[in-house]
Every structure is written in structure tokens, then in C-alpha cells.
Amino acid sequence: MYIRQPYLFMAYKALFIILCLYGLYLNSGLPDGQIRWGIFVYYTILSNVLCLLYFICSFCWNLNAIRRENRVYTFAPRFKGAVIFAITVTGLIYHFILRPTLFSMGNGDQVYSTANYLVHYVVPLMTVFDWILFDPKGRFRKYDPFLWLLIPYAYFIFAIVRAKVGGPILATGSRYPYGFINVDELGWGEVLLNVGELTLIFLVIGYVYCGLDRFFRKEIPDDCFL
């Protein structure tokens with residue numbers, strides 16, 4: 001079962017776009033009068049931007065679909081699987097790996113900020129619930145989780161290359177956005193071990209989504225674009 005009511009479908013996406021934009025705005029430095037370009041090195045921000053672009057495309061496409069047919073579609077459903085996967089990684093890595101380190105370093109007050117909650121919890125949860133509530137199931141393929149891995153792998157390559165050619169990120173003093181990929185401190189062996197362990201975890205996450213997609217499918221849906 002999924003919700004077919006067009007205006008509820010669109011209202012949810014409009015709310016998502018507003019909240020996602022607000023979260024990015026709060027994290028950007030603009031409230032203090034200057035853009036913090038260094039935030040765009042972080043996977044959290046880039047995955048939020050990916051979600052924002054996807055939902056804007058979906059909203060615009062379905063706005064036209066409502067005008068033409070008075071119905072809505074899941075926009076690029078298999079690509080949406082990659083978007084859901086990417087932002088789920090953001091939420092889980094933050095909650096289980098990064099969040100505890102903030103408390104141990106005495107920065108626990110950051111956890112409770114609106115800016116932090118929006119990009120690490122609200123956007124990931126709303127993305128997943130959008131799929132649960134509004135999308136027909138049965139579009140993911142058994143090899144899709146391996147394709148979805150290209151997103152964190154591409155980010156890893158980007159972070160390593162940027163670290164080699166760029167300086168410290170913001171006021172952290174580190175060239176690496178996350179400690180578990182800090183080659184300077186851990187060495188390549190431990191970093192690659194971390195990447196391997198995360199790869200296995202990410203594949204499990206991907207196949208959980210594929211399993212749920214298969215379990216809840218009724219038939220191959222015809223109301224999906226692409």
C-alpha cells in the first residue's frame with residue numbers, strides 16, 4: 001500500500017525541500033554573514049544536496065504530471081534507491097560513529113542544534129518515509145546495492161584527493177573530513193580496513209532496502225517515471 005493522493009504527495013515533498021534547504025542554510029555560515037565553503041567537503045552536506053536536487057526534480061516533474069493527468073509518479077525510482085541509500089549512510093554513520101565522539105570530545109552541545117538535527121536526522125528520515133509512504137514497491141534490482149556503493153566510493157576518492165591537494169578543513173586542523181579515513185593518522189592499511197568494513201555494512205543496508213522493496217511489491221508498478 002502507498003498513498004496515491006497527489007496533493008498530499010506534493011505537500012510532503014514541498015515540506016522536505018523547505019526543511020532541507022533550511023538545514024543547508026543553517027550549516028552554510030550564511031546566518032553569520034559568510035559562506036563556510038569547507039562544509040561542502042563533508043559527505044553529510046553533499047548527500048543532503050543530492051536529496052534536495054532529487055526532490056526538486058521530483059516536485060517539478062509531478063507538478064506537470066498533475067496538470068496533465070491529475071496523477072503523480074515516482075521519479076526515477078531506481079535512482080531514488082541510490083538517494084535513499086546515500087542519505088541513510090549519512091544518518092547511520094553520524095549516529096553510531098560520529099555522534100559519540102562529539103560527547104567524548106566535550107562537544108556534545110552540537111548534537112542538539114537545529115542545524116545538526118535537520119541534516120543528520122530529519123532529512124534522512126523524511127527521505128526514507130517518502131519512499132515508504134508514497135512509492136510503489138518492486139522497482140529495485142538485486143544488483144542495485146552494488147551500484148549504490150559508487151556514491152560513497154566516489155566520495156572517498158574525492159576526500160582523499162582533496163586532502164592531498166588542499167589544506168585543513170575549516171577550523172578542524174585536519175585535511176580529512178572524517179577521522180576513520182585520515183590516512184595521516186591511521187595509515188593506508190587501517191583506512192582501507194575501515195572502508196572494507198563499511199562496504200560490508202553498506203551492502204547489508206542496501207539489501208535490506210531491496211528485501212523490503214521485494215516483500216511489499218504487489219505488481220510491477222506502472223506509475224513510475226524511468
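Is Cys 60 buried, partly exposed or exposed? In this predicted model, Cys 60 is partly exposed, its relative accessible area being 41%.

**Cysteines**

- The number of disulfides comes to zero.
- Cys 60 takes part in no disulfide, and the nearest cysteine sulfur, belonging to Cys 57, lies 6.9 Å away.
- Cys 51 counts as buried, with a relative accessibility of 0%.
- The cysteine sulfur closest to that of Cys 51 is in Cys 20, at 6.3 Å, which is too far for a bond; a disulfide requires the two sulfur atoms to be within 2.5 Å.

**Nonpolar core**

- In soluble globular proteins, nonpolar side chains tend to be buried together.
- Here the largest nonpolar core comprises 58 residues, and Tyr 178, Phe 202 and Tyr 209 have the most contacts inside it.
- Two or more residues of this core come from each of α1 (6–28), α2 (43–69), α3 (77–104), α4 (114–134), α6 (150–165) and α7 (183–215).
- The largest share is that of α3, which supplies 10 residues.
- When neighbours within four places in sequence are set aside, Phe 202 is in contact with Phe 85, Val 89, Ile 93, Leu 149 and Pro 152.

**Largest cavity**

- The structure contains two cavities of 30 Å³ or more, and the largest holds about 280 Å³ of space.
- Its lining consists of 18 residues; Pro 152, Tyr 155, Phe 180, Leu 198 and Phe 202 lie nearest the centre of the cavity.
- The elements giving two or more residues to the lining are α2, α3, α6 and α7, and α3 gives the most, with five residues.
- By type, the lining residues are 15 nonpolar and three polar, with no charged residue.

**Second largest cavity**

- About 40 Å³ of space lies in the second largest cavity.
- The residues that line this cavity are Thr 74, Pro 77, Trp 131, Asp 135, Pro 136, Arg 139, Phe 140 and Asp 213.
- This lining divides into four nonpolar residues, one polar and three charged, whereas the lining of the largest cavity has no charged residues.

Notes
Residues are numbered from 1 along each chain as its sequence is written. This is a predicted model: local features need pLDDT of at least 70, side-chain atom pairs count only at pLDDT 80 or more; totals for chains, interfaces and linings use all residues. Side-chain values use heavy atoms; hydrogens and water are left out. A nonpolar core is a set of buried Ala, Val, Leu, Ile, Met, Phe, Trp, Tyr and Cys residues joined through side-chain atoms within 4.5 Å. Buried means under 20% relative accessible area, exposed over 50%, partly exposed in between (1.4 Å probe, protein chains only). Helices (H or I, at least four residues) and strands (E, at least two) are DSSP runs, numbered from the N terminus. Contact means heavy atoms within 4.5 Å. On a 1 Å grid over the protein atoms alone, a cavity is a set of points where a 1.4 Å probe fits but cannot get out, and a pocket is an open set with protein on both sides within 12 Å along at least five of seven lines; lining residues have an atom within 4 Å of a point. Grid points are joined across faces, edges and corners, and a volume is the space filled by probe spheres set on the points. Ala, Val, Leu, Ile, Met, Phe, Trp, Tyr, Cys and Pro count as nonpolar, Asp, Glu, Lys and Arg as charged, and the others, Gly among them, as polar.
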